[in-house]
Amino acid sequence: MQRFVLSFLAALPFVGAPPAQHQDIKPGPWQKRHAPEGWIIHETPHYQVQSQCGLEKAERLGRHMEAMLKVYTKLFPTDRALKQFPIKLFKDRESFVAYGKVPSAAAYYNPVDREMVCYDTGKWMDEKKAAQTGSAEEDED
């Protein structure tokens, strides 16, 4: 069930055998004491967000995913108990590609390790864009 929610989040070009992974970062869920240096773990009722981007972004991603799950389960109800699901949030594209070896993706679901892997693009879909007045050329003057 959660796999479908995650596929809604990102087009998942990952198919077939899992990619070779970065040696320092273990796949799947982590115990807090085993988090690699520079990583934090934020847990929600249904997700374990493993973040290289700090607590604020981990909490934000967790809220987004919980909201999406709520919508999805209204559309597709289930009687199954949903387990906590790991999501790895890398700080940049280079770290993401080094871990997953999937350079054509922005995010992917690994069915073998049962985890979502993504990176911080610096953009959030819910951010309001500031109104722009004048032209960009005027700002340079």
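Just after helix 3, Lys 101 adopts a positive phi of about 55°; helices (H or I, at least four residues) and strands (E, at least two) are DSSP runs, numbered from the N terminus. The model is predicted, so that local features need pLDDT of at least 70 and side-chain atom pairs count only at pLDDT 80 or more, while totals for chains, interfaces and linings use all residues. Residues are numbered from 1 along each chain as its sequence is written, and side-chain values use heavy atoms, with hydrogens and water left out.

Helix 3 spans residues 93–100, and within it Ser 95, Phe 96, Tyr 99 and Gly 100 are buried, that is, under 20% relative accessible area with a 1.4 Å probe, protein chains only. Seen down the axis of helix 3, these buried residues fall within an arc of 110° and therefore line one face of the helix; the arc is that of the directions from the helix axis to the C-beta atoms. Their cover includes strand 3 (85–90), strand 4 (107–110) and strand 5 (115–119).

Glu 115 belongs to strand 5 and counts as buried because its relative accessibility is 0%. The side chain of Glu 115 makes a polar contact with that of Tyr 99 at 2.5 Å; such a contact is a pair of N or O atoms within 3.5 Å, and within protein one must be able to donate a hydrogen and the other to accept it, residues adjacent in sequence counting only if both atoms are side-chain atoms.

Trp 30 lies in the loop between helix 1 (2–9) and strand 1 (40–43). With 8% relative accessibility, Trp 30 also counts as buried. The side chain of Trp 30 reaches the backbone oxygen of Lys 26 at 2.7 Å.

Methods
Buried < 20%, exposed > 50% of the residue type's maximum accessible area, 1.4 Å probe, protein only. Contact = heavy atoms within 4.5 Å.
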